[in-house]
Amino acid sequence: MRYSYTKLHTYESCPRRYQVEYVEKRPQASTPEARRGSEVHDCVAEYVKHLVANGLQTDLDFIRSLGISAEAREILETFATSHMFPEGTYLVEKKHEIPLSDSIIFSGVIDLAESRDLDVVITDYKTFWRTLSQVEVENNLQMKGYALLTSSLFPEADRFLCEMDFVRLGVTRSVTYNREDLTEIVSELLRRIEQIENDETLEARPGGSCDWCAGKRDCPALTTGIEAISSREDAEALADELIVLKARDKEIQALLKPYTTREGPIARNGMLVGYHTSHSASYKTLDLMAVLEERGYDPFAYLRPDTTGVKKIAGKDEALAADLAEISIDNSSSKFGIRKGGDAS
Ligand code: SF4
């Protein structure tokens, strides 16, 4: 049986999602965010491959020649100014696998590995918008798996410096493993695999991964049938149902949007599903002030501060940030909804 970090992580996020994607082999749902992330990842990989193949440290002309989105280009140009590739021994986008036991193979694709005498530096490019904390990186199974895979590609190496490079944010976090750590890594991987192989129920566990799950439409969490909450379990089951419903809502909208763009709104029993135009107008600030003044109104009573812009400049100006803290008015309020947080279980 073959396992990868992605497979193990899918099980961790939700055992039923593992069943849907790896046992039933339903194609994984794609989201615009996932597609944008893949584009950035592919561009970085292509650029690094080009540099390594041609012995270059940087090549902005190559980036300009790529037919990529403005977002990917901007990220790649920033990447190019902060990442140089001196001459060395590199592996880029290296697919590799090793046996963990007689019947279990562990495989993965290493974004970049660079041999430096007895050390190997392994880099994994991350394209999402949040960084992991140092503790999260130290506990990250993916980094452990890459250290293990790389150890068989560079049998003379003693130390494996694993880096997560958050390319959108210009942040890198790292963890180092020594060759003697590898036995424990193998044991941990085998423990996790054993847990999967012994799991006969593969229950749904709604959470952050529902958005990407291929099994939303028939997820058992959607059919609790609970009409009144009489216990904590009821409340938890309904919270699970709401998480999956929200994810399914997004999935249905993604299907209907292109259709209704082409064909117009769909009328159903007094409701219209599709695009609706809402009319709004804006004014240039000076024009608005002039007209209000001319009509005898105080223009300053109708102008709102650009708090987003002010926050941006305060992020670069500590004195301003301190002054703003003194005069800020706390408008905090609560709103019912779902957001990331709490235990991952
Ligand atoms: S929709 Fe969510 S809870 Fe249901 S199987 Fe998929 S990931 Fe699990």
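This note walks through the structure above in numbered points.

1. **Ground rules.** What you see is a predicted model, in which local features need pLDDT of at least 70 and side-chain atom pairs count only at pLDDT 80 or more, while totals for chains, interfaces and linings use all residues. Residues are numbered from 1 along each chain as its sequence is written.

2. **Domains.** The domain assignment of the protein gives three pieces: domain 1 covers 2–198, domain 2 covers 220–273 and domain 3 covers 285–327. Bounds of this kind come from an automatic or database domain assignment. Taken over C-alpha atoms, the centres of domain 1 and domain 3 are 45 Å apart.

3. **How the elements are named.** Helices (H or I, at least four residues) and strands (E, at least two) are DSSP runs, numbered from the N terminus. Two strands are said to pair if DSSP finds at least two bridges between them.

4. Strand β1 (residues 2–4) pairs with β3 in the parallel sense over three bridges, and R2 has I105 in β3 as its bridge partner. β2 and β3 run antiparallel and are joined by 10 bridges. To find this pairing on screen, look for E97 opposite S107 in β3, or for L91, whose bridge partner in β3 is A113. β2 and β3 form a hairpin, with five residues between them.

5. In turn, β4 pairs with strand β5 (residues 159–166) in the parallel sense over eight bridges. V121 stands opposite L161 in β5.

6. **Helix α3, span and end.** How far does α3 reach from its first C-alpha to its last? With 23 residues, α3 reaches 33 Å, close to the 33 Å expected at 1.5 Å a residue. The expected span is 1.5 Å times one less than the number of residues in the helix. Just after α3 comes G55, with a positive phi of about 60°.

7. A residue is buried if 20 or more other C-beta atoms lie within 10 Å of its own, exposed if 12 or fewer, and partly exposed in between, with C-beta atoms placed from the backbone. Which residues of α3 are buried? They are V40, C43, V44, Y47, V48 and L51. These buried residues pack against α4 (60–65), α5 (70–82), β2 (89–99), β3 and β4. Contact here asks that two C-beta atoms, placed from the backbone, lie within 7 Å. The C-alpha atoms of S38 and G67 are 29 residues apart along the chain and separated by 15 Å.

8. **Two loop residues worth a look.** K25 has a positive phi of about 60° although it is not a glycine. K25 lies in the loop between α2 and α3 and counts as exposed because it has 9 C-beta neighbours inside 10 Å. L202, also a residue other than glycine, has a positive phi near 40°. You will find L202 in the loop between α8 (182–198) and α9 (232–263). Is L202 buried, exposed or partly exposed? It is partly exposed, because 16 C-beta neighbours lie inside 10 Å.

9. **Around the ligand.** The ligand is surrounded by 15 residues, the closest being C14, A204, C210, C213 and C219. By type, the shell divides into nine nonpolar, two polar and four charged residues. Ala, Val, Leu, Ile, Met, Phe, Trp, Tyr, Cys and Pro count as nonpolar, Asp, Glu, Lys and Arg as charged, and the others, Gly among them, as polar.

10. **One last residue.** Q134 is found in helix α6 (residues 134–138), and Q134 is exposed because it has 11 other C-beta atoms within 10 Å. Q134 and T172 are 38 residues apart along the chain, with their C-alpha atoms separated by 9.8 Å.

Notes: Near = placed C-beta within 6 Å.
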